[in-house]
Amino acid sequence: MRVDIITIFPEFFGVLDVSLLGRARRESLLDLRVHDLRDCTHDRHRTVDDTPYGGGAGMVMRPEPWGEAFDALLPEGEQHDAVVVFPSPAGVRFTQPLARELAQVPRLVFACGRYEGIDARVAQHIAGRARVLEVSLGDYVLNGGEVASMAMIEAIGRLVPGVVGNPESLVEESHEAGLLEHPSYTKPQVWRGLEVPEVLRSGNHGAIAAWRREQAIERTRRVRPDLLPPEAAEAR
């Protein structure tokens, strides 16, 4: 998978060289490329923003630098098999199913907006070349698209085959079965007076599986009842 990131803060993405994503990058499982939007400006101040039409507080990112950046990555006059992601609090909610869907895409382009956002014509224009998604991490506002893009890249990238060493570890994670993940324990058996549940030490794999599912349902009911069907959410 190829992932392009357009940003005015390319140094933010130095974290792509560490941990699992860094290894995936070195092993060419993920082709991660960061592009400085200011390289597409032509004035001495490398200006990327201007005042909004209609008035109001803040600044809006100008369309010209974005147009040049997209022309270089997704040339005009062609239809591309990429998905262009605009992180935005006005977008659809980012979820595990969406992460799985995007992990199947051969190429992603993340457009990291700043200030009051990117001129709306940019997304409108690029939609003629590739699929466009406005995506939100949640019901809150960040200073820019970099943090949201990094979170999405990690969530998507770890689902690409080979990135996570043991694919079995992806199966029982939170949200994979519509539930939050069960609690996990390791050695020692007793720590500061707190003991690992006996069932996990029993060797009875059927009982362990049943306990883990019960714990997952209970945790989901307590923390995220909205994920459960009504009858399960009301059960006690």
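Student: Which residues form a nonpolar patch on the surface?
Tutor: Phe 9, Phe 12, Tyr 140, Leu 142 and Val 147 form the patch, with about 420 Å² of accessible area together (Shrake-Rupley method, 1.4 Å probe, only the protein chains shown counting as cover). Patch residues have over 30% relative accessible area and no salt bridge, and nonpolar side chains are joined within 5 Å; a salt bridge is a side-chain nitrogen of Lys or Arg within 4 Å of a carboxyl oxygen of Asp or Glu. This is a predicted model, where local features need pLDDT of at least 70 and side-chain atom pairs pLDDT 80 or more, while totals for chains, interfaces and linings use all residues. Residues are numbered from 1 along each chain as its sequence is written, and side-chain values use heavy atoms, without hydrogens or water.

Student: Where is Leu 142 found?
Tutor: Leu 142 lies in the loop between strand 7 (131–136) and helix 5, with helices (H or I, at least four residues) and strands (E, at least two) taken as DSSP runs numbered from the N terminus. Leu 142 is partly exposed because its relative accessibility is 35%, between the cut-offs for buried (under 20%) and exposed (over 50%).

Student: And why is helix 5 largely enclosed?
Tutor: Ten of its 13 residues are buried, so the rest of the structure largely encloses helix 5; among them are Glu 146, Met 150 and Ile 153.

Student: Switching to Thr 220, what does its side chain reach?
Tutor: The Thr 220 side chain reaches the backbone nitrogen of Leu 180 at 2.8 Å, and a polar atom of that side chain lies 2.7 Å from the backbone oxygen of Ala 216. Thr 220 belongs to helix 6 (residues 205–223) and counts as buried because its relative accessibility is 0%.

Definitions and conventions: Buried means under 20% relative accessible area, exposed over 50%, partly exposed in between (1.4 Å probe, protein chains only). A polar contact is a pair of N or O atoms within 3.5 Å; within protein, one must be able to donate a hydrogen and the other to accept it, and residues adjacent in sequence count only if both atoms are side-chain atoms. Patches are made of residues with over 30% relative accessible area and no salt bridge: like charges are joined within 9 Å, nonpolar side chains (Val, Leu, Ile, Met, Phe, Trp, Tyr) within 5 Å.
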